[in-house]
Amino acid sequence: MKLFSGLIALLAASAGLGSAFNVNCNSNYVSYYGQNSAGNQKTLGSYCQDSTEDLIVLAFMNGFPNILLNFANACETTFPGSSLLHCPTIAQDIKYCQSQGKAVILSMGGASGAYGFSSDADGAAFADTMWNMFFKGSSTQRPFDDAVLDGIDLDIEGGSSSGYAGFINQLRSHYATDPSKQYYIAAAPQCPFPDSYLGSVLNSAWFDMVYVQFYNNYCGLNAYPSWFNYADWDNWAKTRAINKNVKIFIGAPGGPSAASSGYVSGSTLGSIYTSVRSQYSSLGGIMTWDVSQSRSSGLASSIRAALNSGGSCGSNPGGGGQTSTIVTTSTQTSSSTTSITSTPVSSTTTLSTTTQPTTTSTPSTCPVNGGKCSGYQQGCSGQNFAICNNGSWWVAPCAPGTYCYLSGSTATCDWSNGRPTDGCAVSGGSGFNKRQNLVAVSKITKPSLRPKPVSAKSNVPTRVEFVVSDLTDNKFTTVIKIQTNKDAFSGNWSISFTLPDGQTVDSSSRGSASTSGNTVTIKSNVSQESAKNMAAIFKVSGSYKGDYVLPDTSSAFFHAV
């Protein structure tokens, strides 16, 4: 395979460069490579033989400043006497991809790993190391030999924000010493705005591209248009970003098993992309996790077709699209302040919509859009929440599947969990039929049944998470995600966990499921698994009685032979 990769790179070089990547387009397609998410990952070079992707992100450098690289089955060799990966095949493929006009950058971070800086000085020092090992500098150990990357991506999902601004500033100073090549700085924040880990960094450092992950969160593509919040990111790009020409990408799962939630069909994604493109000049295109998923599912070809239909470069196709943002900040004295603003504000609860609320046909005792209210009242009416603004109710719907409940003086959208789903409630009011609350008020202010993953009991370092996918007529579908913290695990694995009372598991989308009492065991089908895996993502389906409760992750035990 090394000979093949080197040969195609040589032939491509002799034929001349392809059309170069243009960051100013709104029709670019970015995809991640390296974690073998679909279990059938090919060589990097094989994905560069056609015009589907414009930029490929190598994932990941999941340890720094003590460098740890992980590209699953794409690279498993190290420098002699070192744990640092040496990837000559990827090196040749990087040069081949670049000869085809594609950009190749390296992602730092990821969902698991040991990374972060203690200060800007620490970050700046590591920028020098990066320049020497992956760009135009020199080092005795270069993982990609003489290949020169086109930039870096920050996919920071843990730790603090310290040092990243210093890292970016120093790396850009190195970029400036090589005018022969354009280099990039990118980031991949979660869609909730502002991002928990990169929010302050995005406001204080230069970014060329931001790949917003519109999945695994309430604001994902599956919540379009109700909770889809591209408008917040466009507003940031125009008002807060250091680089006012920064490009925002719609991040999407490449296939149904690529993420816990957020996957949509190619036609739906194309429609969302077209709508965003018509409104927001900040749009850069679409990003997917990852290329093995998007190629296997066929989503990649659908994305390419959508991007090729009406995209443009260096123009302003939209008017910048405005959205109203209702910002509610509760105080410890239970009083609250409410304002309507067009700029992003860090607050307790932020609810966004791109359309004006419509008048509802609720009874006169319930908050009605435009009806009279006083002070800082908030209220609920079925699936609608209400905010008193300058003496008039502003009423809007909760996300699909959730209902409005009054928590003290604050209206929140939440799963019903056995509570009534009709009736009304208003804070500080009289003469209203206050909705009965049968259970303790939930602390979830945005619909989510996605607890943080935890380290699993296991014979290999892994972490496990359970995420609800669908609840219909006492039938459930739950996504199980197993991810290694360090080393790849074999295709011969199993996971056991305890089911909450009243639940049964009928099937698993991966391997086979068996039950003994309340203990469920999912065992892989070795013939259908890769020899080495960084993650296993699949769904289990079954039935439940009463309120649905996720399995306790502390009961999970993962075992790989």
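Biologist: Which residues touch the most other members in the largest nonpolar core?
Modeller: Leu58, Phe144, Phe167 and Phe207, out of 89 residues. A nonpolar core here is a set of buried Ala, Val, Leu, Ile, Met, Phe, Trp, Tyr and Cys residues joined through side-chain atoms within 4.5 Å. Buried means under 20% relative accessible area, exposed over 50%, partly exposed in between, with a 1.4 Å probe and protein chains only.

Biologist: Where does this model come from, and what counts?
Modeller: The model is predicted; local features need pLDDT of at least 70 and side-chain atom pairs pLDDT 80 or more, while totals for chains, interfaces and linings use all residues. Residues are numbered from 1 along each chain as its sequence is written, and side-chain values use heavy atoms, without hydrogens and water.

Biologist: What is Phe144 in contact with, leaving aside neighbours within four places in sequence?
Modeller: Leu58, Phe71, Cys87, Ile90, Ala91, Ile94, Phe134 and Leu149. Contact means heavy atoms within 4.5 Å.

Biologist: Switching to H6. How many of its residues are buried?
Modeller: Eight of the ten in helix H6, residues 230-239. Among them are Trp233 and Trp236. Helices (H or I, at least four residues) and strands (E, at least two) are DSSP runs, numbered from the N terminus.

Biologist: What is the strand order in the open sheet of four strands?
Modeller: E16-E15-E14-E19, with antiparallel pairing. Two strands pair if DSSP finds at least two bridges between them.

Biologist: Why is one side of E16 and of E19 left without a neighbour in the sheet?
Modeller: Strands E16 (392-397) and E19 (424-426) stand at the edges, so each has a single partner strand.

Biologist: How many bridges join E14 to E19?
Modeller: Three. Gly379 stands opposite Val426 in E19.
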